[in-house]
Amino acid sequence: MADVLSVGVNLEAFAQAIGAIQALRSSVSRVFDCLKDGMQNKETLEGREKAFIAHFQDHLHSVNRDLNELERLSNLVGKPSENHPLHNSGLLSLDPVQDKTPLYSQLLQAYKWSNKLQYHAGLASGLLNQQSLKRSANQMGVSAKRRPKAQPTTLVLPPQYVDDVISRIDRMFPEMSIHLSRPNGTSAMLLVTLGKVLKVIVVMRSLFIDRTIVKGYNENVYTEDGKLDIWSKSNYQVFQKVTDHATTALLHYQLPQMPDVVVRSFMVSGLSKKFLPLIPPD
Amino acid sequence: MGVTCVSQMPVAEGKSVQQTVELLTRKLELLGAEKQGTFCVDCETYHTAASTMGSQGQAGKLMYVMHNSEYPLSCFALFENGPCLIADANFDVLMVKLKGFFQNAKANKIETRGTRYQYCDFLVKVGTVTMGPSARGISVEVEYGPCVVASDCWNLLLEFLQSFLGSHNPGAPAVFGNRHDGVYGPADTMAQYMELFNKIRKQQQVVD
């Protein structure tokens, strides 16, 4: 009971004190308004001055009155009750971070940045859509119902067929030798050695070429386990660039219906890399 | 190991060995090469001991035992025009045990020390050749990593050398002529160093 009473007194005085603060704020802003408006139009200079001074004095008096009222009320409000200690949450009122954070300017920068990002993304998507990189036989926009139920047959080829195609290509060029292995399931991994210049690791998905990595002739292509290392890049910048070119080539040659033609053209394009050492580095 | 060319840079007119080395390294740094530490190649000479020559009356053969900081665990032993042996680092200890057959000519120990620079796929080493306390010359080694066939990239190497050596024009090393399409190996680099050291030994001492 005593708790409620003590709280009740505080709350009333609290509400009145908040009202007094608002009154004080408005009277202070009236003082500044009066200063800003300056002297009003009257017949004589003296009249103007007197009127201005009278107004100014009125406003200052009202400020004084409000301030005294606020002081009286704040004495009534008193300290917060010892039974309800605020601990750390009482320190929230002291938090100066909000004043120091340049919130508005940061918001503005974030807004401008997101606008620019949206604009650039629109441009990029327009450019990229011009070059379609889809390598499947299905067309875009065909709904799932109309798509033929049968799976595309070029993706499910017997491994023997893939072996035959690769060995045929191997015999085509004397200075290029292809070694096929299947360490991870049914997808073939080719190690193509071109003269004494470079080695290309080609990872395939049935007869489609998935990834290539080009390395120098003297670089190690096997991991410590003895398996073919299909992930690590070459140590030389020249071959890193050639890897980028080879990847472009494999994305460029696309014929979903006749993948063996694709593989053959990719290998032929690789032959020109034999003249690599004559290209000076950038 | 890629194709390597080792050549000797003549000391600039009116300058000491150290100043010429500084000029070269400054040019390399302006080119954009990255300094990557130091290197050292040294060479010791062994004579075939008199006792083994006996009735044959041949002149004693010279054997060179070399080390290269690029291959810290190896030791290279080569004859002038003969084979090159690439052995473990313990080979030096073995030579001590073979004192009866090969005698060390301690006065002929020669070495080159300097800094190692990396520029794209090129590895450049500029070193001062010293014999005992005196500096005798400057060695420049350039290695092009990606290529292992000498005949393919000699032109590229020459172009790169000329870009920072200036007017000095190194000729194609003899080892390039020997193996046209063979794979280049570290033994060929050591053979080039051996030729360079022999040439410098015969030169007159450079005035410091």
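**Figure 1. Chain B and its contacts across the sequence.** In chain B, 62% of the contacts between residues at least 6 apart in sequence join residues at least 24 apart. This is a predicted model, and its chain B holds 6 helices and 8 strands. Buried residues make up 49% of the 208 residues here.

**Figure 2. Chain A and its elements.** Chain A brings 7 helices and 4 strands to the model. Of its 282 residues, 25% count as buried.

Figure 3. Helix H6 of chain A runs over residues 237-252 and reaches 23 Å from its first C-alpha to its last, close to the 22 Å expected. Its buried residues are A:Val238, A:Phe239, A:Val242, A:Thr243, A:Ala246, A:Ala249 and A:Leu250. They cover an arc of only 135° around the axis, which puts them on the same side of H6(A). Turn to the face away from this buried side and you will find the exposed residues A:Asp244, A:His245 and A:His252. The buried residues pack against strand S3, strand S4 and helix H7 of chain A, together with strand S8 (134-144) of chain B.

Figure 4. A:Asp163 and A:Arg182 form a salt bridge, their closest N and O atoms being 2.7 Å apart. A:Asp163 lies in helix H5 and A:Arg182 in the loop between strands S1 and S2 of chain A, so the pair ties together parts that are 19 residues apart in sequence. A:Asp163 is partly exposed, at 25% relative accessible area, and A:Arg182 is also partly exposed, at 27%.

**Figure 5. A salt bridge between two strands of chain B.** Here B:Lys109 pairs with B:Glu44, with 3.8 Å between the closest N and O atoms. B:Lys109 sits in strand S6 and B:Glu44 in strand S2 of chain B, so the bridge ties together parts that are 65 residues apart in sequence. B:Lys109 counts as partly exposed at 36% relative accessibility, whereas B:Glu44 counts as buried at 17%.

**Figure 6. A salt-bridge network in chain B.** B:Glu70, B:Arg116, B:Lys125 and B:Glu141 are linked in a network of salt bridges. Within it, the side chains of B:Glu70 and B:Arg116 meet at 2.9 Å, N to O. B:Glu70 lies in the loop between strands S3 and S4 of chain B, and B:Arg116 in strand S6, 46 residues apart. B:Glu70 is partly exposed at 24% relative accessibility, while B:Arg116 is buried at 17%.

Technical notes:
Residues numbered from 1 in each chain as written. Chains lettered and ligands numbered in written order. Predicted model: local features only at pLDDT ≥ 70, side-chain atom pairs only at ≥ 80, totals over all residues. Heavy atoms only, no water. Buried < 20%, exposed > 50% of the residue type's maximum accessible area, 1.4 Å probe, protein only. Contact = heavy atoms within 4.5 Å. Expected span 1.5 Å × (residues − 1). Arc of directions from axis to C-beta. Salt bridge = Lys/Arg side-chain N within 4 Å of Asp/Glu carboxyl O.
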